[in-house]
Amino acid sequence: MPQQGFPRQLRLLNAGDFSHVFEQADLKVHGKGMMALVRLSTRGHPRLGLVVSKKNVKRAVDRNRFKRLVRESVRLRQDHLPSVDIVVLARRGVQDIDNETLHRQLHGMWKRLQRDAQAMIAVPTPKRDT
């Protein structure tokens, strides 16, 4: 049976991890009320970071609900996701989305991420001669 926990190794933990993804994101995956920036990794497992600002989601209960649902979604799909670092950003209006719709949005985002990451891995980037 695959691991179902969400240990520290599956999280982006410090500012350096986040800036690594923000500076050179390989993919952007959009969903209603959210966006995921993705950077390919060689760690062998996905890592997740969350950015939910007070400016976009006013109430703490709404920020916490969003974070909880995203973590749960990644935790359940961690064996299917490629080796990437993911930063999920909440946008305005995400607090108005019900849990079922949010689950469907996340499921669709992870499927697109898998497809796009596989395409990037299959096509090597051309090297420049300098």
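Residues are numbered from 1 along each chain as its sequence is written, and side-chain values use heavy atoms, with hydrogens and water left out. Because the model is predicted, local features need pLDDT of at least 70 and side-chain atom pairs count only at pLDDT 80 or more, while totals for chains, interfaces and linings use all residues.

**Salt bridges.** The structure holds 5 salt bridges, each a side-chain nitrogen of Lys or Arg within 4 Å of a carboxyl oxygen of Asp or Glu.

Select D85 and R47. Their closest N and O atoms are 3.0 Å apart. The pair links distant parts of the chain, 38 residues apart: D85 is in strand β4 (residues 84-90) and R47 in strand β3 (residues 47-51). Strands (E, at least two residues) and helices (H or I, at least four) are DSSP runs numbered from the N terminus. Both D85 and R47 are buried; buried means under 20% relative accessible area, exposed over 50%, partly exposed in between (1.4 Å probe, protein chains only).

Next, select D62 and R59, which form a salt bridge at 3.0 Å, N to O. D62 is buried at 12% relative accessible area, whereas R59 is exposed at 52%.

Move to D116 and R115, a salt bridge with its closest N and O atoms 3.4 Å apart. D116 is partly exposed at 24%; R115 is exposed at 53%.

**Helix α2.** Finally, select R68, which lies in helix α2 (residues 60-77). Its relative accessibility is 47%, so R68 counts as partly exposed.
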